Amino acid sequence: MQNLLLFIDKVSTWIGQFFSWLIVALTVMISWEVFSRYVLDNPHAWAFDVMSMMYGSLFMMAGAYTLSKNGHVRGDVLYGFFPPRLQAWLDLILYILFFIPGVVALAYAGYGFAAESWAINEHSNITADGPPVYPFKTILPIAGAFLLAQGLVEIVRCIVCIKQGEWPKRGDDVDEVDVEKLKEMVNVKDEDIAKLDVLVTAAGKGTHK
């Protein structure tokens, strides 16, 4: 079971990392459009639509990745002080009452929007010759499906935590720096840091004399 959970974590991570490259493409495109508009006096009517669709695709496809890293916004004022079992019970109830219905609705409605968009060969109507919209709308059911799969993984994690009293392991990825773990890796103690601070302070005072 743990291997299956970690496998879905890896899939969500790979998808999130893949679509994160849209940030680079979006940055290049915005920079070029600004240069083209104000320096070359040659704006592109389709640029705004494409930028919006690129950002929307990134935002939607990052949902499962963020959930796999437990990175969505949560009110931690009280939650962080709760024991793991109570946290798991709260998460489980909220997943069942709100998350699952909402994501299922997203995937179902998104499929309908995408199917209709493909059927009518929909293009953006913001400009006279807008780019096609149906590839972007296809992202809706796909993102919903991946988010639902990751949500089911999180529900299983809640059940495991309720039974075992601790949260099961998540997949590894680039996280914020854990200072304590970093000090362990380089064999540095707090006393060593304090001594270094004293030496640096003394050296600084010496250079000012």
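This is a predicted model: local features need pLDDT of at least 70, side-chain atom pairs count only at pLDDT 80 or more; totals for chains, interfaces and linings use all residues.
1. Location of Lys-137. Lys-137 belongs to helix α6, which spans residues 134–164. Lys-137 is partly exposed, because its relative accessible area is 22% and the buried class requires a value under 20%.

2. Surroundings of Lys-137. When neighbours within four places in sequence are set aside, the contacts of Lys-137 are Gly-110, Phe-113, Ala-114, Ser-117 and Glu-122. With Glu-122 there is a polar contact between the two side chains, at 3.1 Å. Gly-112 lies 25 residues from Lys-137 along the chain, and the C-alpha atoms of these two residues are 9.5 Å apart.

3. Aromatic pairs. The model contains 5 aromatic pairs. In one of them, Phe-18 and Phe-19 are arranged edge-to-face, with 5.5 Å from centre to centre and 80° between the planes. Phe-18 is partly exposed, with a relative accessible area of 48%, whereas Phe-19, at 18%, is buried. Phe-18 and Phe-19 also form one aromatic cluster together with Trp-14.

4. The pair in helix α5. The ring centres of Tyr-95 and Phe-99 are 5.2 Å apart, and the pair is edge-to-face because its planes stand at 85°; the class applies to angles over 60 degrees. Tyr-95 and Phe-99 are separated by about one helical turn, because they are 4 residues apart in helix α5 (residues 84–119). Both Tyr-95 and Phe-99 are buried.

How values were computed:
Residues are numbered from 1 along each chain as its sequence is written. Side-chain values use heavy atoms; hydrogens and water are left out. Helices (H or I, at least four residues) and strands (E, at least two) are DSSP runs, numbered from the N terminus. Buried means under 20% relative accessible area, exposed over 50%, partly exposed in between (1.4 Å probe, protein chains only). Contact means heavy atoms within 4.5 Å. A polar contact is a pair of N or O atoms within 3.5 Å; within protein, one must be able to donate a hydrogen and the other to accept it, and residues adjacent in sequence count only if both atoms are side-chain atoms. Rings of Phe, Tyr and Trp (its six-membered ring) pair if their centres lie within 6.5 Å; planes under 30 degrees apart count as stacked, over 60 as edge-to-face and the rest as tilted.
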